[in-house]
Amino acid sequence: MMNFKNLNLINPIIRAVTEAGYSKPTEIQYTAIPHILVGKDIIGCARTGAGKTAAFAMPILQLLKKYTPEHKEIRTLILTPTRESAMQIEENLAIYSKYLPLSQLSVFGGVSMGGQLAALRKRVDILVATPDRLLDLVNQRPIDLSKIEILVLDEADTMLDMGFINDVKKIVKLISHKRQTLFFSATLPGSIRRFAEMILNNPVEVTLNPVSSTAQTGGQSAYFAEKKDTTGSLIDILQERNAARSLVFSRSKHAVNKFVQQSGITGI
Ligand code: AMP
């Protein structure tokens, strides 16, 4: 079975993700991490929810840990389209780097620049940023992006849809060519591939089979059941479908516990 150790991840990272409740890598993680760890550029087709953030965050932390003399400048830049995704990525990095001496910061619009500029005066190993805000900050004060070793473009298709292409191009020009670039997008139409080609160097393509996407493989059905019967009916439906994994939402914790008990399936 594939586990985090087989992926050659170091103990401080394995310990942190295990504590976060991850027991084994997701598909995008075991597919992408080995390439990232050997320094390859990646073009990855994966949507949010596949464990994509950890797929790039864990190996980045490991690479930064490996070559860690006294650095003062930003070493990794993660560009992402929205404030929410920037905050989410920073939070995940904080969890995964709990046992490593690395620091991260996220910057995005909608809040004043003063606090962000002050935070950037301290040591930041990994900067997570929306492209527009990063350029605003760079215009306020010179921020050294020339020492960046790893650049991540997260949700590249959304960044393009939101009109960030020129901002991204300007930022890429400030970064050395001698970098590793990881490019993720939920879709890879021609326009995105052309954009990727400008930024990536001989990338490995990592595409997930979209098996888990309901939009592509699932249908929708409604079943009517007596209230006292819903648990039994649901168990029947799941057994009939022979589903390896299912996600069941319910109104209360109590109902979920009851369902797990009655069905005899493994639930969390
Ligand atoms: P993402 O695709 O990065 O938005 O991740 C979706 C969710 O999966 C997040 O809540 C992660 O914390 C979680 N996650 C990522 N990797 C794993 C893993 N190997 N095992 C369990 N959960 C994970």
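Is Tyr22 buried, exposed or partly exposed, and what is its relative accessible area? In this predicted model, Tyr22 is partly exposed, with a relative accessible area of 30%.

**Figure 1. Residues around the ligand.** The shell consists of Phe4, Tyr22, Lys24, Pro25, Thr26, Gln29, Thr48, Gly49, Ala50, Gly51, Lys52 and Thr53. Sorted by class, these residues comprise four nonpolar, six polar and two charged ones.

Figure 2. The side chain of Tyr22 places an N or O atom 2.4 Å from an oxygen atom of the ligand.

**Figure 3. The aromatic pair of Tyr22 and Tyr96.** The count of aromatic pairs in the model is three. In one of them, the ring centres of Tyr22 and Tyr96 are 5.9 Å apart. Their planes stand at 65°, and because an angle over 60 degrees counts as edge-to-face, the pair is assigned to that class. Tyr22 belongs to the loop between helix H1 (11-19) and helix H2 (27-37), whereas Tyr96 belongs to helix H4 (residues 83-96). The pair therefore ties together parts that are 74 residues apart in sequence. The two residues can also be described by their accessibility: Tyr22 is partly exposed at 30%, while Tyr96 is buried, with a relative accessible area of 1%.

**Figure 4. The aromatic pair of Phe183 and Phe195.** Here the ring centres are 5.8 Å apart and the planes are at 65°, so this pair is edge-to-face. Phe183 is part of strand S6 (residues 180-185) and Phe195 is part of helix H9 (residues 190-199). The pair thus ties together a strand and a helix, in parts that are 12 residues apart in sequence. Phe183 is buried, at a relative accessible area of 0%. Phe195 is buried as well, with 2% relative accessibility.

**Figure 5. Arg15 over the ring of Tyr99.** Arg15 is placed over the face of the Tyr99 ring. The distance to the ring centre is 3.8 Å.

How values were computed
Residues are numbered from 1 along each chain as its sequence is written. This is a predicted model: local features need pLDDT of at least 70, side-chain atom pairs count only at pLDDT 80 or more; totals for chains, interfaces and linings use all residues. Side-chain values use heavy atoms; hydrogens and water are left out. A residue is near a molecule or strand if one of its heavy atoms lies within 4 Å of it. A polar contact is a pair of N or O atoms within 3.5 Å; within protein, one must be able to donate a hydrogen and the other to accept it, and residues adjacent in sequence count only if both atoms are side-chain atoms. Ala, Val, Leu, Ile, Met, Phe, Trp, Tyr, Cys and Pro count as nonpolar, Asp, Glu, Lys and Arg as charged, and the others, Gly among them, as polar. Rings of Phe, Tyr and Trp (its six-membered ring) pair if their centres lie within 6.5 Å; planes under 30 degrees apart count as stacked, over 60 as edge-to-face and the rest as tilted. Helices (H or I, at least four residues) and strands (E, at least two) are DSSP runs, numbered from the N terminus. Buried means under 20% relative accessible area, exposed over 50%, partly exposed in between (1.4 Å probe, protein chains only). A charge sits over a ring if NZ of Lys or CZ of Arg is within 6 Å of the ring centre and within 35 degrees of the ring normal.
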